[in-house]
Amino acid sequence: MKTLNRWLKPSQIKFVKPAALVLLLAMAFVMPLSVQSPYVMDVGLQILFYTTLALGLNVVVGYAGLLDLGYAAYFAVGAYTVGILTQKFHFSFWVAMPLGGALAMLLGSLIGFTVLRLRSDYLALVTLGFGEIIRITANNLDVTGGPSGIFGLQGPSILGFRLVQPIHFYYLMLVVLVLSTIAIARLGSSRIGRAWACLREDEDAAEAMGINTLGYRLLAYVTGTFWAGLTGAVFAVKMTAVSPMSFSFMQSITILLAVVMGGLGSVPGVILGGALVILLPEFLRAVADWRYLVFGLALMLLMVFRPTGLWPAPHSLKGEE
Amino acid sequence: MSNILAQLLNALVIGSFYALVALGYSIVYGIIRLINFAHGDFYMIGSFIGYSLLMLFGKTFIGNGVFGIGLAMLLAMALTGGVGAAVERLAYRPLRGSPKIILLITALGMSLFLENATMVFKPWGASFRTYPVGLSRAGFDLAGVHVGYAPLSIFFLALGLMIGLNAFIEKSTVGKAMRATAFDREAAQLMGIGTDKMISMGFFLGSIMAGAGGFLAGIYYGQVSFLMGFIVGLKAFTASVMGGIGNLPGAMVGGMLLGLLEVFGTSTVGGQWKDVFAFGALILILVFKPTGLLGEKIARRM
């Protein structure tokens with residue numbers, strides 16, 4: 001801000017943020033048209049998927065302070081719902097997608113209702129265990145196609161136009177991401193978001209202020225699962241296949257790292273984090289074996305030296321202690 | 001009938017591994033209220049240290065006999081204990097007083113770090129390693145079942161370690177100081193107890209037990225891998241919650257119970273559901289009896 005003050009009048013500063021946003025969005029929009037490389041396209045799509053997932057997880061971990069280590073399970077639920085419904089029951093993708101989100105929410109509320117009443121640190125392990133249950137179940141059931149999963153999914157069509165190319169899914173995900181960003185940012189500054197922040201910082205105080213702690217926790221948890229289910233649905237049709245391999249524990253960890261790295265509770269930070277968890281391993285290809293070693297170190301170093309992340313949320317109290 | 005007996009022995013051995021790891025969860029949780037995600041990895045580290053020591057001894061005059069195995073086990077336990085104390089010192093101590101979620105994420109990072117450091121470390125590596133010593137077939141017949149001396153001694157050795165640890169914490173002065181730290185850290189500090197030392201001690205003791213478990217598991221299963229700690233860690237946590245977390249006898253009972261549940265459960269529904277069993281049990285316990293089977297009323301906090 002200080003450097004900005006030197007160059008711009010105060011009346012101009014308030015335009016900096018919207019201008020930067022518009023620029024970023026324009027870049028994201030133009031990128032696939034100007035760069036013809038399938039590799040760049042693929043990385044771009046991955047970033048869109050991970051930032052959307054990270055935004056969803058940010059509601060749970062960042063806004064409400066609940067550590068969810070099984071987030072990939074809900075991603076799997078969305079993907080499998082679309083896989084099974086469109087292929088075995090010939091549903092339209094546009095019907096199956098919201099159903100995927102809804103089913104993830106249903107499952108999330110069942111799990112959430114059981115664990116959110118307990119000590120908060122139990123949640124981390126139960127969600128981890130639950131994530132494994134979902135993966136193992138998908139790996140062993142017939143309806144999910146077992147270890148080989150479901151493949152040969154048809155791309156969805158909009159008004160007769162069928163989405164098949166990566167670039168089609170890129171724009172679909174870009175729309176999803178932009179809508180998600182707006183929704184989640186507004187949710188964070190709403191009354192609900194303030195209740196979550198209060199709950200996160202001091203549970204007893206929150207309860208004394210009349211906040212229904214179980215209700216709000218459940219709301220945060222279930223909201224997060226919705227995004228995972230939705231993204232999973234798009235992921236399934238983009239890959240044209242659903243495989244239990246895609247929903248491992250490491251998937252949940254990567255999404256968590258995006259949230260933590262960017263900044264718990266910070267929407268721009270989480271988007272940055274989502275981009276970084278995809279881009280950094282691409283740059284570190286030569287030392288691919290070291291990837292998760294670096295991830296682990298990054299998590300620890302961030303927590304010890306910069307727990308608010310690279311782009312902290314404006315009202316994070318944790319950093320000011 | 002004979003099949004059931006064989007399964008029982010298997011369940012007791014597996015259960016004692018869970019129990020050994022569960023003790024560490026309980027000690028650490030009791031003192032600093034942290035679920036140490038990296039704890040399962042201490043089990044893995046102990047297993048690998050044992051592997052390297054046995055390989056080394058096999059080439060020297062010490063050999064891989066009973067003496068060599070005993071020495072390797074003691075050293076592996078001590079070194080794993082050192083790793084545990086170092087982890088606490090480097091990663092968790094700087095964060096004392098931070099919000100819980102920060103500590104949990106750090107522990108998760110530590111777990112990832114330990115697993116992948118083991119993977120990229122050349123002598124240990126990414127593939128399964130075969131343990132230099134295996135189970136001997138020697139044993140006796142009981143009601144038509146072959147009972148090996150080796151599994152039996154693994155079980156009794158584990159049991160002895162658990163009873164020893166419990167006695168140390170209940171009877172010794174250091175144990176008393178640890179319990180005081182767990183009960184009220186500030187008051188303990190005012191009474192002249194070095195609480196930081198006691199916390200280190202908790203990590204040290206817990207990791208010793210995990211290291212012993214890992215070493216014995218290496219011998220029992222015959223192979224080790226850098227990911228072996230992940231699922232065992234989760235199950236041991238389940239075991240410690242089953243028994244009532246923070247309660248040492250509870251952790252032992254929980255571990256044995258989980259071993260029985262898993263072995264007899266999988267023999268009825270099939271091996272691919274093995275892990276689902278443990279996690280299902282965890283969720284059910286948390287729903288119906290979150291304080292654990294021994295409960296917090298009977299159990300003193302530790």
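Modeller: A nonpolar core is a set of buried Ala, Val, Leu, Ile, Met, Phe, Trp, Tyr and Cys residues joined through C-beta atoms within 7 Å. The model here is predicted.

Biologist: What makes up the largest nonpolar core, and which residues have the most contacts inside it?

Modeller: That core has 199 residues. Those with the most contacts inside it are Ala76(A), Val259(A), Leu299(A), Ala19(B), Leu20(B) and Leu23(B). Helix α1 (residues 2-32) of chain B supplies the largest share, 17 residues.

Biologist: Which residues does Leu20(B) touch, leaving out those up to four places away in sequence?

Modeller: Leu20(B) touches Ala158(B), Leu161(B), Met162(B), Met209(B), Ala210(B), Ala212(B) and Gly213(B).

Biologist: Why are α5(B) and α6(B) called roughly perpendicular to each other?

Modeller: The axes of helix α5 (residues 149-171) and helix α6 (residues 173-183) of chain B cross at roughly 75° and come within 5 Å. Angles of 65 to 115 degrees count as roughly perpendicular, and α5(B) and α6(B) are therefore given that description.

Biologist: What makes the contact between these two helices?

Modeller: α5(B) brings Phe168(B), Ile169(B), Glu170(B) and Lys171(B), while α6(B) brings Gly175(B), Met178(B) and Arg179(B). Three of the residues are nonpolar, one is polar and three are charged. Gly counts as polar.

Biologist: How many residues of chain B are in contact with chain A, and which element gives the most?

Modeller: 34 residues of chain B are in contact with 34 residues of chain A. α4(B) gives the most to the chain B side, with 15 residues. That side divides into 26 nonpolar, six polar and two charged residues.

Methods. Residues are numbered from 1 along each chain as its sequence is written. Chains are lettered from A and ligands numbered from 1 in the order in which they are written. This is a predicted model: local features need pLDDT of at least 70, side-chain atom pairs count only at pLDDT 80 or more; totals for chains, interfaces and linings use all residues. A residue is buried if 20 or more other C-beta atoms lie within 10 Å of its own, exposed if 12 or fewer, and partly exposed in between; C-beta atoms are placed from the backbone. Helices (H or I, at least four residues) and strands (E, at least two) are DSSP runs, numbered from the N terminus. Two residues are in contact if their C-beta atoms, placed from the backbone, lie within 7 Å. Axes are lines fitted to C-alpha atoms, for helices over the stretch in contact, and angles run from 0 to 180 degrees between N-to-C directions. Angles under 35 degrees count as roughly parallel, over 145 as roughly antiparallel, 65 to 115 as roughly perpendicular and the rest as oblique.
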